Amino acid sequence: MGNGTATADLDVALEKHRTELTGYCYRMLGSSFEAEDAVQDTLVRAWRSYEKFEGRSSLRSWLYRIATNVCLDMLTAGNKRARPMDLTESTPLARAALSPRPDNTWLEPMPDARVLPTVEDPAEAAVAKESVRLAFMAALQQLPPKQRAVLILREVLAWKASEVAELLGTSVASVNSALQRARATLAERADAGPEGAVSDPLDEEQQKLLERYVQAFEGYDMTALTALLHEDAIMTMPPFDLWLRGTADITGFMTTIGASCAGSRLLPVQANGLPGFAHYKPDPENGGFSPWAVQILEISDGRITGFHCFLDTQRWFPLFDLPLHLEAEADEIEKGV
C-alpha cells in the first residue's frame, strides 16, 4: 500500500460493506458471534491481498467471494445450528426439566442494526427482514453449505445466476440446480416461508398487541397473557432444550419454574426482523433489575405464536448494547418508602 491516505481510503471502502457482509455471514452460519468473526476475517484478508485485486469485479462482489470462502471453511465442521423444536419433541409441563446444550447447538439472535443495511426500497427492506427471521434462518441451516450460499445470493440478495457462478467458480447450470434443490428443501418446511404476519413497520393492531403484551408480562397477569397467545404458541429458552407448546403449559411454567420473573421490566429491541424485548427481572440482592433474557416474538393473525427467550445474558446484552443493570424508577422507590 502506497501511503497513509490510500490505506485510510481502503479502510473506509471496506467498512462500508460491514453490515451487509455481517447479514450474509449470519445467514450462512446461524451465529451472531461467528458472523462477526467471519466478517473481520474477510476484511483482514481483503486488506492484505488488495494489491492482487485487479478490479476485474466490483469490490463488493470480491468481498462476497472472500466471505463465502470464509463461511464455507467454517462450515466444514458440519455444525448445523437449530432451535429447540428442531431437535426434540415438546415437553409437557409436568416433565419439564432445564437441561442446557452447548452454545454451538443453537441458532443465535441478532440485532437488526448489525445485519440490515439501510435501503431505500421498501420491498428490498422487507425481503432482508424476512430472511433473518428465526424460522427462515432455521430452515437455511438445513441446507448444505453451497446450496445455502446459492439460495442467499440468488433469493435474498438478488444476484444473477451468472454472478453467483463466477463467485463460486462453477457453472450457471450447477447454480440453477443448487437453487432448485434448496427451494425444494425449504418448501418441505411448513414454517420456513416468509412470516407475512409481521408488517414493516408494525401496523397499529400489532403495536397494540405488543403494548398489551408488555402490560400483561410486567404485571405477570396470566389471564391477560393467555388472551394474547395463540392456543398453539411455542416458548423456547436456549441454551435449554426444553420447549413448551400451548397457553396452559407456557403460563404454567411462568408461574412455577419461572415464578421469579414476576415484577420484571421489558425494554423494546429489534432482532431478527421481529419485535423483541430485553427482559430484566427483579434483583433482590442489589435492588433494581438484572438481565434475564432477550425475548423475540413471532406474531400471526393478531396473536403471539412464538415466544423465544435467549437466556445467555452475558453474551446477548452487550451485543444489543443493553445495560447489565436497570435501576428501579423513582416512582417505584417512592412506593416502597
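Predicted model: local features only at pLDDT ≥ 70, side-chain atom pairs only at ≥ 80, totals over all residues.
Local features were taken only at pLDDT of at least 70 and side-chain atom pairs at pLDDT 80 or more, whereas totals for chains, interfaces and linings use all residues. Residues are numbered from 1 along each chain as its sequence is written, and side-chain values use heavy atoms, with hydrogens and water left out.

An open sheet is formed by 6 strands in the order S2-S1-S6-S5-S4-S3, with mixed pairing. Helices (H or I, at least four residues) and strands (E, at least two) are DSSP runs numbered from the N terminus, and two strands pair if DSSP finds at least two bridges between them. Strand S2 (240–245) and strand S3 (265–271) are the edge strands, each pairing on one side only. On average, neighbouring strands of the sheet are turned by 20 degrees against each other, direction ignored; axes are lines fitted to C-alpha atoms, for helices over the stretch in contact, and angles run from 0 to 180 degrees between N-to-C directions. Strand S1 (residues 229–237) runs antiparallel to S2 and is joined to it by 4 bridges. Met-235 has Leu-244 in S2 as its bridge partner. The loop between S1 and S2 contains Pro-239, which is joined to Pro-238 by a cis peptide bond with omega of about 15 degrees.

Helix H12 (residues 204–218) lies across S3, strand S4 (274–282), strand S5 (289–300) and strand S6 (303–310), at about 140 degrees to S5; contact means heavy atoms within 4.5 Å.

The whole structure holds 10 aromatic pairs (ring centres of Phe, Tyr or Trp, the last by its six-membered ring, within 6.5 Å; planes under 30 degrees apart are stacked, over 60 edge-to-face, the rest tilted). Tyr-213 and Phe-277 form a tilted pair, with 5.7 Å centre to centre and 35 degrees between the planes. Tyr-213 lies in helix H12 and Phe-277 in strand S4, so this pair ties together parts 64 residues apart in sequence. Phe-217 and Phe-307 form an edge-to-face pair at 6.4 Å and 65 degrees. Tyr-213, Phe-217, Tyr-220, Phe-277 and Phe-307 make up one aromatic cluster.

Asp-301, in the loop between S5 and S6, has a positive phi of about 50 degrees although it is not a glycine. Asp-301 is exposed at 74% relative accessibility (buried means under 20% relative accessible area, exposed over 50%, partly exposed in between, with a 1.4 Å probe and protein chains only).
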